[in-house]
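Work through the exercises below with the sequence and the model open. Try each task before reading its solution.

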Amino acid sequence: MRYLDFKRFSIYYDPYLIISITLLSILGLFFLYSASDGNASVLIKQSIFVFFGLILMIVLSQPDPQIYYSYSGFFLLISIILVFIAIFFGPEINGANRWISFGFVTLQPSELCKVFLPIFIASYLYGVNLPINLKNTFLTIFLIFVVFFIVSSQPDLGTAIVILLSGLYVLFLAGLSWTFIGSALAIFIISLPFLWNNFLEPFQRQRIATLFNPDLDPFGSAWNITQSKIAIGSGGILGKGFGEGTQSHLYFLPETETDFIFAVIAEEFGLVGLTILMSLYFFIFIRCFYLSINARDRFCRLVIGGLSLVFISTLFINIGMVIGLLPVVGMPLPLISQGGSSLISFYIAFGIIISMASHKKLVPR
Amino acid sequence: MTEINETYKEKTSFNKRLVFLFVTFGILGAVFYYQIFNLQISNYSEYEIAAKNNKNEEISVQPLRGIIFDRNGEILVNNIPTFDLITKPFFIDDPDDFLLRLSSFLEIDEEDKRVFLSQFEKAKALNKELTLKQSISDEDKAKFLVRSHMFENAYVGKRYLRNYLYPKIFSHSIGYVGKPNEDELDEIYELKSLNKKINFTYTNQLIIGKTGLEYTYEDILTGEFGNNLREVDARGRTLGEKISSAPIIGNNLYTSLDLKSHQAAHKALNNRKGAVVAIDIKDGSIVTLFSSPTFPTNQLANGILQKDFDELLLSEEKPFFNRALKGRYPPASAIKPAIAMYGIEEGLIDWNFSIFDEGFFTLPEDGRIYRDWKEGGHGNTNLFKAITQSSNTYFFDLAYRSDINQLNKHLLSLGFGDKACIDCFEEDKAFVPEPSWKMNKHNFGWFKGDTVNMGVGQGYLVSTPVQLAKYAYIMANKGKFSDLSLKKDLVKSEKSIEFNKFSNDDWFKLHESMINVIEGNTGTARRLREKKNYIVAAKTGTAELVSGDNREQYSETRLDDNLRDHALIIAFGPMPNPRYAVSVVVENGESGGSVAGPVAISVLNSLIQE
């Protein structure tokens with residue numbers, strides 16, 4: 001009865017996740033140091049984020065999941081308000097309004113949506129009877145798309161896609177009927193040409209086209225992917241060594257600190273380095289699967305499953321893009337790419353996951 | 001606490017769906033890992049090369065050009081270092097301030113500053129070096145070097161210039177180098193199989209031979225290109241450079257040219273329009289190939305002001321025109337020994353055959369008069385006298401009796417109408433007229449009078465100084481000869497002219513008659529006798545540019561300098577065993593004996609009295 005025993009102070013934690021995440025974060029700092037060309041200020045800033053992020057993760061593991069259940073709507077609302085603040089009052093950087101500036105640091109509130117949207121949906125679907133009826137299905141989907149469109153209007157297609165996925169994962173796990181999934185997929189496929197023509201910017205269409213035919217525009221939109229593949233391929237088995245990547249250090253590779261850091265790691269540490277890195281991710285992936293299956297109730301299951309799938313999706317979209325299997329879209333390599341917002345949002349997600357996994361169910365005496 | 005509201009059914013559904021998603025990602029992960037494996041292992045070498053090509057730029061480095069020597073081992077052309085002030089714009093924040101600081105102790109032209117500022121931004125963006133001032137003086141170099149600690153963004157760079165030690169003397173024979181144009185560049189790429197991306201650094205600007213020996217022997221002089229690998233980043237900025245193969249210095253060129261004889265020719269011609277060609281009879285190599293006036297080769301090779309270049313190009317003297325190889329002159333009386341050889345060979349005359357020269361020849365067909373240069377004529381004239389005193393009437397008569405086709409054949413065999421030299425730059429073939437040519441060109445048949453004119457080297461027959469020299473060489477060597485050449489010790493086959501009737505005795509008499517041109521009391525070049533201390537055989541000529549009926553008419557003609565007769569002479573000596581044959585043409589020089597003759601003698605002197 002830990003939660004009632006006020007005389008004893010206990011800490012809720014999951015040793016596997018905490019160790020693997022900390023390890024990954026430290027490895028990330030090491031990679032970032034090379035990817036940023038030994039830029040000390042980038043490294044220090046990122047280290048501060050990692051340090052406080054890990055503390056935040058432990059702190060967020062302590063409250064009972066009940067708190068997250070009760071306040072899920074509030075958290076989501078706050079996140080959406082922050083997104084609006086970014087849109088209307090935030091600084092415009094590269095034609096996008098994604099950030100809120102706090103003077104010493106700028107944060108991207110849309111990152112919070114990908115954490116709190118699935119939690120809110122999980123809490124909403126917790127109480128409904130199975131199978132989920134049409135009304136609840138549509139309400140949920142409506143909410144998901146509202147958040148999706150708000151974020152994509154920033155514009156930030158990458159994050160918006162992850163938010164869309166995060167909601168859909170929870171809806172799917174909660175027991176969305178297969179009939180509905182089938183018909184939705186059919187409608188989606190039929191309307192693909194319409195979406196292609198009306199919702200994608202020309203540069204986005206170009207990126208998808210070059211994915212299938214890089215020769216279309218080798219120095220234009222395919223440049224990034226071509227250079228990224230050369231970086232990865234030239235890494236070979238053992239890589240060129242720390243700080244020795246010519247592709248990354250001679251500016252052939254774009255966005256080395258953020259979206260393309262995976263290619264830097266591949267170039268400098270080769271297949272061996274990538275295998276170690278991907279094993280760590282795989283370990284987290286398996287641990288989350290285990291925790292999700294063994295969670296104490298439906299809410300916790302849905303949240304752990306949803307959040308870990310958000311993490312995995314981000315990872316796969318990033319790697320898929322860097323190795324040339326998916327179109328180029330702004331997406332960080334989780335826990336490694338430079339950028340405080342993405343880091344913090346994943347620490348929050350893992351804090352909540354650990355909370356849900358480590359607080360055991362209240363058993364009547 | 002929320003009421004626990006879950007069923008066994010719900011949990012299994014969740015588990016199945018979670019497994020479905022995780023397995024999907026697991027499969028996707030395997031696909032990704034396979035793709036990475038493909039990139040890093042299966043296609044590793046391909047990507048490794050791609051990465052190297054990305055960062056490395058190949059730069060061809062031209063070797064130093066070979067040195068050019070004269071026949072005695074004197075250096076005629078070499079390479080000298082010059083020092084340029086080179087800047088590194090990448091490390092210069094404020095170019096105006098940079099120039100201001102430099103100007104405080106160095107004088108920099110406004111033009112140099114303007115060029116520097118106009119190219120600054122681009123060079124800075126690419127991290128390329130920029131030359132601020134070329135060929136700085138030793139004083140400026142020292143001034144800069146003591147302050148070099150203040151200028152880490154600039155340095156003094158060494159570059160080699162082609163240096164012509166006798167720029168005004170070998171302008172035409174050696175020629176000059178220059179930057180290649182687009183077509184020439186393409187040719188070099190192909191010939192040397194160089195990478196088209198090559199980039200010639202400032203210190204080693206690509207130069208190629210443009211004219212003369214520099215052009216003809218480009219292959220020997222140029223050497224083997226080296227390669228430097230320059231590491232560049234995606235923005236094309238240079239990060240470092242290393243030698244992958246060093247260039248091999250070009251071979252030296254040993255020529256048969258003789259420095260002293262060129263100096264003598266230059267001095268004797270004294271910038272008059274004309275040409276001197278001298279040949280070593282031993283092997284047919286050219287020792288003097290001089291055209292006047294000349295032009296300054298160093299400026300042409302290393303940078304000449306457009307104004308100065310235009311002045312040279314538009315000059316009435318036509319200094320760029322190589323008169324020795326391309327000037328077309330009627331051989332005039334200098335052709336007479338050749339006509340005499342023909343007459344003897346064909347049996348039309350012998351040394352005893354004589355005519356009475358009354359000062360003119362009348363063409364039997366139409367009574368047209370062909371005048372001798374001497375009013376009243378030479379009286380009783382045999383062949384010996386006809387050559388020594390240059391009787392026109394004798395040769396008019398001989399030519400009149402000649403078959404034009406046979407005569408042409410004879411002239412061609414002596415080298416007229418064809419290139420004489422195997423390694424000369426842009427030699428002209430000049431011209432031996434044929435009846436059919438005249439018909440085509442002038443729509444007029446060949447007259448007997450045309451043949452008569454050819455007997456004294458006038459009319460349509462033209463020759464170049466180098467052809468005249470070869471003709472003199474063949475006569476000096478009694479019909480044996482090799483092709484002319486400029487490169488020393490070139491292996492050539494010896495040729496000879498076949499005669500049936502023309503005997504060794506005839507050669508002797510021909511030489512004797514030509515010796516008498518100078519040594520005889522009545523010779524046309526007897527004034528040259530005192531200018532030397534050995535015996536020379538010669539034949540003078542005066543090429544008429546305007547044909548007049550008499551001397552009075554010519555007095556009017558000669559008022560215009562450019563219409564005055566060309567003076568020419570062919571000579572060889574020392575007799576009786578000649579070593580050198582020479583031809584001299586002085587444009588508008590009027591008298592072969594007194595104007596062209598002294599030039600020929602001073603050149604022979606420089607060769608024989610070494």
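**Exercise 1.** Find which residues A:Phe289 touches, leaving out residues up to four places away in sequence. Then decide whether A:Phe289 is buried or exposed.

*Solution.* The model is predicted. Start with the contacts: A:Phe289 touches B:Leu18 and B:Phe22. Now count neighbours. There are 22 other C-beta atoms within 10 Å of A:Phe289. The cut-off for a buried residue is 20 or more. Therefore A:Phe289 is buried. Finally, look along the chain. A:Arg301 is 12 residues from A:Phe289, and their C-alpha atoms are separated by 9.6 Å.

**Exercise 2.** Describe the side of chain B that touches chain A: how many residues are in contact, and which elements supply them?

*Solution.* First, the count: 33 residues of chain B are in contact with 38 residues of chain A. Second, the elements: helix 1 (8-42) and helix 2 (44-55) of chain B each give two or more residues to this side. The largest share, 18 residues, comes from helix 1 of chain B. Third, the classes: this side of chain B has 19 nonpolar, 6 polar and 8 charged residues.

**Exercise 3.** Which residues touch the most other members of the largest nonpolar core?

*Solution.* The core has 119 residues, and B:Ala472 and B:Val582 touch the most other members. Helix 19 of chain B (residues 465-476) gives the largest share, 9 residues. The core also draws at least three residues from each of two chain B domains, domain 1 (58-254) and domain 2 (260-313 + 322-608). Leaving out residues up to four places away in sequence, B:Ala472 touches B:Ile570, B:Ala571, B:Phe572, B:Ala581, B:Val582 and B:Ser583. A second, separate core has 107 residues, including A:Leu125, A:Val162, A:Leu274 and A:Phe289. As background, nonpolar side chains in soluble globular proteins tend to be buried together.

**Exercise 4.** Where do A:Glu255 and B:Asp489 lie? What is the exposure of each?

*Solution.* Most residues other than glycine have a negative phi, and most peptide bonds are trans. A:Glu255 has a positive phi of about 45 degrees. A:Glu255 lies in the loop between helix 11 (246-249) and helix 12 of chain A. With 19 C-beta neighbours inside 10 Å, A:Glu255 counts as partly exposed. B:Asp489 has a positive phi of about 55 degrees. B:Asp489 lies in the loop between strand 17 (480-481) and strand 18 (495-496) of chain B. B:Asp489 has 10 other C-beta atoms within 10 Å, so B:Asp489 is exposed.

**Exercise 5.** Where do B:Pro293 and B:Pro574 lie?

*Solution.* The peptide bond from B:Ser292 to B:Pro293 is cis, with omega near 0 degrees. B:Pro293 is in the loop between strand 12 (285-292) and helix 10 (297-302) of chain B. A cis bond also joins B:Gly573 and B:Pro574, with omega about -10 degrees. B:Pro574 is in strand 20 (residues 566-575) of chain B.

Methods. Residues numbered from 1 in each chain as written. Chains lettered and ligands numbered in written order. Predicted model: local features only at pLDDT ≥ 70, side-chain atom pairs only at ≥ 80, totals over all residues. Core = buried A, V, L, I, M, F, W, Y, C linked by C-beta atoms within 7 Å. Buried ≥ 20, exposed ≤ 12 C-beta atoms within 10 Å, placed from the backbone. Helix = DSSP H or I, 4+ residues; strand = E, 2+ residues; numbered from the N terminus. Domains from an automatic or database assignment. Contact = placed C-beta atoms within 7 Å. Nonpolar A, V, L, I, M, F, W, Y, C, P; charged D, E, K, R; others polar.
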